[in-house]
Amino acid sequence: MRAYTCGLDAAADVIGGKWKPRILWALHHGPMRFGELRREISGVTEKMLIQQLRELESRDIVHREVFHQVPPKVEYSLTELGRSLNEALIPLDTWGSEHLTELEASRVR
């Protein structure tokens, strides 16, 4: 395992990929069940969502709470570390929103 070269390298390692930032964003307002997350994040497959949630859980970004009841219930929420990471994503969301038209136009080229 290589050492991180800077803070951005470390953060990118944690949120790398298409789905992790969207999972974090979906959990921004509070805990969600798996099905709710799947509906909130359009295009993600069940397999990919499970994989990404497990990776975020292993990095202490997401907490998985199992409620022992019938039927079984599982909720996902952000840890303190996950909430602080989500705060760091807010400026990125703002930037993307401000430049959405330009970014969509350049993507089509």
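With which residue does Glu80 form a salt bridge, and how far apart are the closest N and O atoms? The partner is Arg83, and the closest N and O atoms are 2.8 Å apart.

The model is predicted: local features need pLDDT of at least 70, side-chain atom pairs count only at pLDDT 80 or more, and totals for chains, interfaces and linings use all residues. Residues are numbered from 1 along each chain as its sequence is written, and side-chain values use heavy atoms, with hydrogens and water left out.

**View 1. The salt bridge of Glu80 and Arg83 in helix α5.** Both residues belong to helix α5, three residues apart, about one turn of the helix. Helices (H or I, at least four residues) and strands (E, at least two) are DSSP runs, numbered from the N terminus. A salt bridge is a side-chain nitrogen of Lys or Arg within 4 Å of a carboxyl oxygen of Asp or Glu; by this rule the count comes to six. Glu80 counts as exposed, at 56% relative accessibility, whereas Arg83, at 41%, counts as partly exposed. Here buried means under 20% relative accessible area, exposed over 50%, and partly exposed in between (1.4 Å probe, protein chains only).

**View 2. The salt bridge of Lys20 and Glu55.** The two side chains meet at 2.6 Å, N to O. Lys20 lies in helix α2 (residues 20–26) and Glu55 in helix α4, so the pair ties together parts that are 35 residues apart in sequence. Lys20 is buried, with a relative accessible area of 7%; Glu55 is partly exposed, with 29%.

**View 3. The hairpin of β2 and β3.** These strands run antiparallel and are joined by six bridges, with five residues between them in the hairpin. Two strands pair if DSSP finds at least two bridges between them. The bridge partner of Arg64 in β3 is Tyr76. The C-alpha atom of Arg64 is separated by 8.9 Å from that of Arg54, the two residues being 10 apart along the chain. Arg54 is found in helix α4 and is exposed, with a relative accessible area of 59%.

**View 4. Contacts of Lys73.** The charged end of Lys73 sits over the ring of Phe67, 4.9 Å from its centre. The criterion is NZ of Lys or CZ of Arg within 6 Å of the ring centre and within 35 degrees of the ring normal. The side chain of Lys73 also meets that of Glu75 in a salt bridge (3.7 Å, N to O).

**View 5. Backbone geometry at Asp60 and Pro71.** Most residues other than glycine have a negative phi, and most peptide bonds are trans. Asp60, although not a glycine, has a positive phi of about 65°. Asp60 lies in the loop between α4 (46–58) and β2 and counts as partly exposed, at 46% relative accessibility. The peptide bond from Val70 to Pro71 is cis, with omega near -5°. Pro71 is found in the loop between β2 (62–67) and β3 (73–78).

**View 6. A nonpolar surface patch of Leu92, Trp95 and Leu103.** Together these residues have about 300 Å² of accessible area, from the Shrake-Rupley method with a 1.4 Å probe, where for residues only the protein chains shown count as cover. Patches are made of residues with over 30% relative accessible area and no salt bridge: like charges are joined within 9 Å, nonpolar side chains (Val, Leu, Ile, Met, Phe, Trp, Tyr) within 5 Å. Trp95 is placed in helix α5 (residues 80–98) and is partly exposed, with a relative accessible area of 45%.
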